[in-house]
Amino acid sequence: MIKLSDVHKRFGELVVLDGVDFDVNQGETVALLGPSGVGKSVLLKHINGLIHPDAGEVYVDGLSVPHLQRKPLSMLRSRIGYVFQFGALFDSMSVYENVQLGITDEECAADRSYCRSRVAQCLDLVNLPHQTAEKYPADLSGGMKKRVGIARAIAGQPTYLLYDEPTSGLDPVNADIIDKLVTKLRDSLGVTSVVVSHDVRGSFRVADRIALLKDAQIRAMGTPEEIRASTDDAVLEFFERDFGTFLHEPG
Amino acid sequence: MPTVTLDARRLVGRFSLKAMSQVGRLSYLVLEMFRSLGEWRVWVPRTFEQAYHVGFGSLFIVMLTAGFAGAVTALQTGYQFEASLPVYIVGGLVVQTIILELGPVLTALLLAGRIGARYAAELGTMRVTEQIDALESLGRSPISHLIIPRVLAGTLMLPVLVIFADLIGILSGWWFAATGILQISNADFIYGAQYFFRPLDLWYSIVKSVAFGLAISLVPCYVGFTTKQGAEGVGRATTAAVVSASVSILFLDAVLAQILLPSG
């Protein structure tokens with residue numbers, strides 16, 4: 001379970017998170033929505049300790065992430081797959097090497113035949129042909145890079161998956177493929193996921209619950225139906241301004 | 001007038017705070033490096049890879065520079081002391097200048113540009129494209145994967161390159177002095193070289209090059225590792241890395257001369 005409690009974060013004068021409460025139950029997929037630059041990725045990076053809060057608590061599996069020492073933090077991170085917005089693939093490494101680096105268990109990583117079969121398995125899961133393994137990130141399209149990023153994130157068999165804008169910059173067809181992949185991974189691997197996104201329609205399709213981050217706070221959090229039924233001005237403004245009458249469409 | 005004084009104080013205050021904060025962060029990075037030394041399975045193979053790039057990759061340009069430096073030193077010595085001092089002085093001066101100063105300093109300055117810029121640009125790009133965050137998110141230490149191999153490779157390979165530079169510089173100076181323009185006999189050159197040579201000089205040259213190697217790898221790694229703000233940040237980091245590494249070399253050169261060379 002993931003739990004953020006009264007989290008505060010500021011960068012210089014800019015207050016990014018101001019008393020944020022956020023929780024994700026085991027096996028659940030939560031979509032975190034909000035305007036650009038509001039701090040969604042910052043919130044996500046608090047979960048695996050890439051950013052530490054100025055105040056407040058961040059718990060994953062009951063462990064206080066900001067207070068973990070190097071070794072336990074590293075072990076926790078090996079259970080959390082992180083899909084970066086622009087892939088963050090290591091450009092000096094092939095796709096195979098990138099995905100292989102995601103195998104976080106040292107014994108497994110040392111076993112070449114396990115690595116070969118695990119990389120192939122992960123590429124299958126994200127619908128990429130095995131020949132992709134030989135290529136380098138520079139040879140891949142945006143959608144393929146995102147899928148390799150997902151393959152790397154799942155290679156270590158994580159219990160949590162954090163997606164940072166997995167569909168941004170993709171055409172609707174590729175965005176749809178990624179959305180289906182998020183659902184498929186939840187169903188086949190049983191992972192708990194947090195999806196940071198701008199894509200409201202996709203989020204309503206994949207998420208069990210939706211949260212809206214606005215003005216440095218979680219303004220609304222609930223099931224898609226609850227969000228649709230919300231009368232909160234901030235929720236209505238965010239969803240209706242950008243997406244017309246989407247809130248009132250049938251689920 | 002009081003406003004100007006206040007502004008100047010603020011400026012000095014801000015600068016001091018910034019400098020102290022940078023020193024603090026650099027010290028923290030060094031501490032983290034020591035703490036990560038246990039992960040030798042990660043950093044040892046990567047150090048060999050980096051050492052190859054630093055050493056073999058820089059060998060040609062280092063030898064070329066040292067060759068010209070040795071030749072020019074011999075020519076200028078001959079020009080300045082012609083008919084006023086014994087000719088064997090040229091041998092002594094070429095060897096001493098190359099070993100004590102030109103070999104280590106020129107090689108280090110050259111590598112500050114070549115390796116320092118490369119380290120800062122590589123790590124800076126990795127930082128702004130979230131590759132370093134990705135490494136951390138996979139439970140891997142960027143210190144043992146990226147920093148230790150680069151710093152060790154720079155620190156260990158610079159002395160090796162300096163030995164090559166010293167050799168080529170001396171040989172080139174000798175060749176120019178003896179068989180080239182100055183027409184100094186081999187015996188005179190060797191006599192001069194031996195007359196002024198002390199084994200301490202060689203140690204001094206190597207100790208200096210270890211310190212320079214640390215500076216040209218640690219400073220750019222730190223600057224690259226802490227890069228912010230996209231492509232512009234990488235550009236700024238690369239420039240800052242080369243300037244800081246070069247200034248560090250000149251500073252260390254002065255300090256080490258004071259500490260290591262016996263005075264009087």
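In this predicted model, strand 8 of chain A is covered on both faces. On one side sit A:T192, A:V194 and A:V196, on the other A:S193, A:V195 and A:S197, and every one of them is buried. Strand 8 of chain A spans residues 192–197, and six of its six residues are buried, so the rest of the structure largely encloses it.

Now look to either side of that strand. Strand 3 of chain A (residues 29–33) runs parallel to strand 8 of chain A, and five bridges join the two; here A:T29 stands opposite A:S193. Strand 7 of chain A (residues 160–164) is also parallel to strand 8 of chain A, again with five bridges, and A:D164 stands opposite A:V196. To get from strand 7 to strand 8 of chain A, the chain passes through helix 7 (residues 172–189), making a right-handed β-α-β crossover.

Zoom out and you'll see an open sheet of six strands in chain A, in the order 6-7-8-3-9-10, with mixed pairing. Which strands stand at the edges? They are strand 6 (80–83) and strand 10 (217–222) of chain A; each has a single partner strand, so one side of each is left without a neighbour in the sheet. On average, neighbouring strands here are turned by 15° against each other, ignoring direction. At the strand 6 end, the pairing with strand 7 of chain A is parallel and covers four bridges, with A:I80 partnered by A:Y160.

Next, the helices that pack on this sheet. Helix 1 of chain A (residues 40–47) touches strands 3, 6, 7, 8 and 9 of chain A, and its direction makes about 155° with that of strand 8 of chain A. Helix 7 of chain A, the one from the crossover, touches strand 3, strand 7 and strand 8 of chain A, at about 165° to the direction of strand 8 of chain A.

Leaving aside residues up to four places away in sequence, A:L162 touches A:L44, A:I47, A:N48, A:I80, A:Y82, A:V83 and A:V194. A:L162 and A:V194 are also among the residues with the most contacts inside the largest nonpolar core, along with A:L32, A:A151 and B:I216. That core has 136 residues, and helix 3 of chain B (residues 88–128) gives the most to it, with 18 residues. As a rule, nonpolar side chains in soluble globular proteins tend to be buried together.

That brings us to chain B. What is its secondary structure made of? Chain B comes to eight helices and zero strands. Its C-alpha atoms fill a box of roughly 65 × 60 × 35 Å along the principal axes. Of its 264 residues, 43% count as buried. Among contacts in chain B between residues at least 6 apart in sequence, 89% join residues at least 24 apart.

Finally, see where the two chains meet. The contact takes 14 residues from chain A and nine residues from chain B. Helix 2 of chain A (residues 70–77) supplies the largest share of chain A's side, three residues. By type, the chain A side that touches chain B divides into eight nonpolar residues, five polar and one charged.

Definitions and conventions:
Residues numbered from 1 in each chain as written. Chains lettered and ligands numbered in written order. Predicted model: local features only at pLDDT ≥ 70, side-chain atom pairs only at ≥ 80, totals over all residues. Core = buried A, V, L, I, M, F, W, Y, C linked by C-beta atoms within 7 Å. Buried ≥ 20, exposed ≤ 12 C-beta atoms within 10 Å, placed from the backbone. Contact = placed C-beta atoms within 7 Å. Nonpolar A, V, L, I, M, F, W, Y, C, P; charged D, E, K, R; others polar. Pairing = 2+ DSSP bridges. Right-handed = clockwise from strand over helix to strand, strands pointing away. Axes fitted to C-alpha atoms, helices over the stretch in contact; angles between N-to-C directions.
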